[in-house]
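Open the model in your viewer and keep the selection panel at hand. The stops below say what to select next and what is there.

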Amino acid sequence: MKQINFSRIERKWQKQWESRGIFKAREGRRRKYYIVEMYPYPSGFGLHMGHAFNYTIGDVQARLRRMQGFNVLYPMGYDSFGLPAENAAIKAKSHPKRFTEQAIKNYIKQQKELGLSYDWSRLIVSHDPEFYKWDQWIFLKMFEKGLAYKKKAPVNFCKKCNTVLANEQVVNGKCWIHEDSDVEVKLLEQWFLRITDYADELYEGIDKLDGWPDLIKTLQKNWINKSHGTEIDFFVGDKIWKVFTTRADTLFGVTFLVVSAQHPDLMALVSDKQKKEVDKFLRKVRSVSDKDLVKLDKEGVFTGSYALHPLTEKRIPVWLGNFIVADYGSGMVMAVPAHDQRDFEFAKKYGLEIREVVRPKGGKKFNPKSAKEAYTGFGILGNSGGFGGLKSQEAIQHITNALEMKHKGRKAVGYRLKDWLISRQRFWGTPIPIIYCNACGIVLVLEKDLPVKLPENIKFSSKGNPLVGHDKFMRAKCPKCGKIGRRESDTMDTFVNSSWYFLRYCDPKNKKKIFDSKKANYWMPIDNYIGGKEHACLHLIYFRFYTKFLRDIGLLRFDEPVKRLFNQGMLHAADGRKMSKSYGNVVLPDEAAKKYGVDAMRMFLISVASPDKDFNWSDKGAEGSLRFVLKVMNFVDDFKNKKIKSKKMTKLQESKLHRAIRDYTDDLEVFGYNLGVIKLRALFDVLREGCDKRSLEIFLRLFSVICPHVAEEMWEKLGNRGFVSLEKWPKFDKKKIDDKLEEIENQINKLIDDIRNIIKIVKGRGKKVGRVYLYVLPQEKKNYDSEKLVGRLGIEVIIFAVNDKGKYDPEGKAKKAKPGRPGIFLE
């Protein structure tokens, strides 16, 4: 066959798909199917092979469901706000919009070259004012409901980003973007979203996420971390400090309290005498992020303050410690050194009292001086006033009741999840729609004045947010009194944009509403959501929160945004390492497409391993996929040119065809693409034995979801009109699947392998083989055709039933025949 110009074939069909708009989605009465890949950031470097892998996973699913008769919505958009574009603008003294839109243009070009069947008419981008207007609208609604608020708080700060990071964006004490940048802790006025109001529903709803991976559900449960316990009031001077514990049974063993170094009210606890020591300690500890505190040696300093024990009213020293994070409970914990290992080590280090109050039944008395570790289990109470002798579980209840009677404590549910910090001191993000008025205070921008737009004429420097010095942007009339106020200069965390974008796809051109509820409720929830597991405790919690809020204000009729979540694996370079320019091992999709063709590349990407597993790029593997694609094209060419004659399928071939349709479909529906490709290849081998046009067309329909360009070309070559991409998905006929017939073939294949192995052994001994005798059970003789066996073995084959009286059987091999396993004799 002549050299194939895959690029020409690809451009031809991509142009036709686009000009005919065959992938456009429209609301209707048909069963809907909504597929989305997680909102991608349009990097200036363009697509890498990992992107191609991710998008091929989604496209195969979209093409399958479309052919199965579903009304498919498969859109694309870009999470286009963010630091990389702003940093590029700072270097070039330009506007990030320029870099962003160049990157998006390139992304779209590359994605179209992959043959992805997106509905491009629904394209959205976060930096479009018509999109971020609705970010601001949601903020107004949250503010009205008391869910958006501002407070002074300790925040994670990255010097390189020159902005605040959410806790989830700090990884091992480093910025999630700048992995070499240590995160500092600062106290700033920040905007928060009260996600904790939804903590219980977010936690309890996890068990209902049936289509989600167990790993993601476990990670979310651990992140939200719901626990039942007791909230206890400790007085320090005239102020109450609330402390949460799940072990109220150890309350009489509390010998000191520990407050976080990041607590906003810390300095109110520090006495003049201790201020110098505390300041010295703070300089050391505030250079370390919350996540890294657990790795440090436990250190602290006395604040100079004392708290009153709520039941004994004894004075308890309050210490400052480097092992308490600000977002745990109230930022203060009660220390029970006899029954908590961390507290035990701290108390030993600083010579603080260790008092045993819980002992295992029959256990020895705890000696603080000789003990090497705390006893952390349950047991029997002692040294606990009137609660002595109670079991721990009973004591928790009784001590909590006593605190409630004294109005010094109460039953409580605690969560690790804290309110979402959304303030960012950067330019390239959604402006927060707030005006500060000297007369009226904090005032919301009116809905009619949305969007608050980012200015086009902006000057960047390396020193923080350029909005602060942009007088035209900052000066704004107060909506209440009309006096000149100043705008909020902070912009929103980009995770805000990705928390609801999938809803905008349902109605992207609506200028009057965030979306038409009828359309959103038709398409949602998302049927298949595809993306990385690294978003488990970021985006995948935030978008659940947003969905529930929009439900509560009457826009949505469902509780969760996604039915099935699929986490793809990671594609590594051929050397097993992460693809990186510094390693020189990056494989780009456009380069691979030139070498192998887009369809062969797509086939390779989904056939190496299960799509949720990591795997390595392989040129040999891609070449293998190319060979298969060429075999298909050659076969169709020969069939069209009648070099291969159309032949009615045998019953065995029909059985294999219908089994393949059934099993291949099942594999694709559960993302078992690698297994599906094996079945597709096996089916092609069946057709090469001889087939009719109808069966070959069935194969091309199955083939088209993975290799759409070649499938369209071959479909047309066979004389068909229209697009194979819009054909109906083949249905299997259960009655045509003949298990017995296929089992007989498997037995024959096994027999031939056995004969070849025996011949090899005999020839290895220097003997010749001229004839093969087979001895089969009488009822199975009809299953064996001597002419076909001769054709496959290239040697004379004689078949006897074991009960044939005149059979030739010099070594009694007939006695070894079993069901499906004939006796074999060679001479």
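**Stop 1**

Select Glu313, in the loop between strand 13 (300-308) and strand 14 (315-321). Helices (H or I, at least four residues) and strands (E, at least two) are DSSP runs, numbered from the N terminus. This is a predicted model: local features need pLDDT of at least 70, side-chain atom pairs count only at pLDDT 80 or more, and totals for chains, interfaces and linings use all residues. Residues are numbered from 1 along each chain as its sequence is written, and side-chain values use heavy atoms, with hydrogens and water left out.

Glu313 is not a glycine, yet its phi is positive, about 60°. Glu313 is exposed, with a relative accessible area of 53%. Buried means under 20% relative accessible area, exposed over 50%, partly exposed in between (1.4 Å probe, protein chains only).

Now select Phe671, in the loop between helix 19 and helix 20. Phe671 is not a glycine either, and has a positive phi of about 65°. Is Phe671 buried or exposed? It is buried, at 2% relative accessible area.

**Stop 1: helix 20**

Move on to helix 20, residues 673-687. Contact here means heavy atoms within 4.5 Å.

**Stop 3**

Select the four strands that form an open sheet in the order 22-21-24-23, with antiparallel pairing. Two strands pair if DSSP finds at least two bridges between them. Strand 22 (441-444) and strand 23 (475-477) stand at the edges with a single partner strand each, so one side of each has no neighbour in the sheet. Neighbouring strands are turned by 45° against each other on average, direction ignored. Axes are lines fitted to C-alpha atoms, for helices over the stretch in contact, and angles run from 0 to 180 degrees between N-to-C directions.

Zoom in on strand 23. Three bridges join strand 23 to strand 24 (residues 484-487). Ala476 stands opposite Gly485 in strand 24.

**Stop 4**

Helix 5 (residues 129-144) lies across strand 21 (434-437) and strand 22, at about 125° to strand 22. Select Trp134 and Trp137, three residues apart in helix 5, about one turn. Both are buried. They form an edge-to-face aromatic pair, 6.0 Å centre to centre and 70° between the planes. Rings of Phe, Tyr and Trp (its six-membered ring) pair if their centres lie within 6.5 Å; planes under 30 degrees apart count as stacked, over 60 as edge-to-face and the rest as tilted.

**Stop 2: two cis prolines**

Select Leu450 and Pro451: the peptide bond between them is cis, with omega near 5°. Pro451 lies in the loop between strand 22 and helix 12 (471-474). Finish at Met524 and Pro525, also joined by a cis peptide bond, omega about -5°.

Conventions. Expected span 1.5 Å × (residues − 1).
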